[in-house]
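Please look over the sequence and the model shown below before reading on.

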Amino acid sequence: MSSMFQLAVAGAHLSGLPLNHQLTELGAKLVKTVRTAPVYKMYSLGPKPALIRQKEGGGGGSLELEVWEMPIEKVGCFLAAGVKAPLGIGDVLLDDASSVKGFIGEAYAVHGAPDITHHGGWRAYLAASQK
């Protein structure tokens, strides 16, 4: 039995969204939907969001994520194809005080980008944008 790697996604890799196939084609399975600890802001970078951790008391919110699990031997393939600057993979704090590896953004990329934190997540932002 192979080891599994858990990865939190916040944007275009969510279930049913355009890049989700990059996970499912590698045998990834959805484990659960979770929320971040209230220390993040989410910004729209057009077709994808950036999740930026804020300092304590920095006005962050709790945002919806999905945790996916994939075979550990497929992680390199995913990183090569599915992670492009200004996004990266790092530790994401969850509202239950645990952490999981997940997509995070580089702060330089959000200068002038819309802060969409108040929507509570990328899927909710997309729904509100289509009204």
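A salt bridge is counted here when a side-chain nitrogen of Lys or Arg lies within 4 Å of a carboxyl oxygen of Asp or Glu. The model is a predicted one, in which local features need pLDDT of at least 70 and side-chain atom pairs count only at pLDDT 80 or more, while totals for chains, interfaces and linings use all residues. Residues are numbered from 1 along each chain as its sequence is written, and side-chain values use heavy atoms, with hydrogens and water left out. Helices (H or I, at least four residues) and strands (E, at least two) are DSSP runs, numbered from the N terminus. Buried stands for under 20% relative accessible area, exposed for over 50%, and partly exposed for what lies in between, with a 1.4 Å probe and protein chains only.

**Salt bridges**

- Side chains of opposite charge can pair when their charged atoms come close, and this structure holds 3 salt bridges.
- Glu-66 is buried, at a relative accessible area of 6%, whereas Arg-123 is partly exposed at 31%.
- Asp-115 and Lys-41 form another salt bridge, with their closest N and O atoms 3.8 Å apart. The two belong to distant parts of the chain, 74 residues apart, since Asp-115 sits in the loop between β7 (99–105) and α3 (122–129) and Lys-41 in strand β3 (residues 40–44). Asp-115 is partly exposed, with a relative accessible area of 33%, while Lys-41 counts as buried at 18%.
- Lys-101 pairs with Asp-91 in a salt bridge whose closest N and O atoms are 2.7 Å apart. Lys-101 belongs to strand β7 and Asp-91 to strand β6 (residues 87–93), and the two are 10 residues apart. Lys-101 is partly exposed at 36% relative accessibility, and Asp-91 is partly exposed at 47%.

- Contact means heavy atoms within 4.5 Å. Leaving aside residues up to four places away in sequence, Lys-41 touches a set of residues that includes Ala-50, Leu-51, Ile-52, Gly-58, Gly-59 and Gly-60, as well as its partner Asp-115.
- Gln-22 lies in helix α1 (residues 21–24) and is buried, with a relative accessible area of 18%. Gln-22 touches His-13, Phe-78, Ala-81 and Gly-82, when residues up to four places away in sequence are not counted. Between Gln-22 and Glu-69 there are 13 Å in space, C-alpha to C-alpha, and the two are 47 residues apart in sequence.

**The largest pocket**

- On a 1 Å grid over the protein atoms alone, a pocket is an open set of points where a 1.4 Å probe fits, with protein on both sides within 12 Å along at least five of seven lines, and its lining residues have an atom within 4 Å of a point.
- The largest pocket has a volume of about 230 Å³, where grid points are joined across faces, edges and corners and the volume is the space filled by probe spheres set on the points.
- Of the 20 residues that line this pocket, His-13, Leu-19, Lys-48, Leu-87 and Phe-103 are the closest to its centre. The elements that give two or more residues to the lining are β4 (49–53), α2 (75–82) and β7.
- The lining of the largest pocket divides into 13 nonpolar, 5 polar and 2 charged residues, with Ala, Val, Leu, Ile, Met, Phe, Trp, Tyr, Cys and Pro taken as nonpolar, Asp, Glu, Lys and Arg as charged, and the others, Gly among them, as polar.

**The nonpolar core**

- A nonpolar core is a set of buried Ala, Val, Leu, Ile, Met, Phe, Trp, Tyr and Cys residues joined through side-chain atoms within 4.5 Å.
- The largest such core has 36 residues, and those with the most contacts inside it are Leu-23, Leu-65 and Phe-78. At least two residues of this core come from each of β1 (4–9), β3, β4, β5, α2, β6, β7 and α3, and the largest share, 4 residues, comes from β5.
- Leu-23 touches Leu-7, Val-9, His-13, Ala-28, Trp-68, Met-70 and Phe-78, not counting residues up to four places away in sequence.

**Backbone points**

- Most residues other than glycine have a negative phi, and most peptide bonds are trans.
- Ala-85 and Pro-86 are joined by a cis peptide bond, with omega about 10°, and Pro-86 is found in the loop between α2 and β6.
- Ala-97, although not a glycine, has a positive phi of about 75°. Ala-97 is placed in the loop between β6 and β7 and counts as exposed, at 70% relative accessibility.
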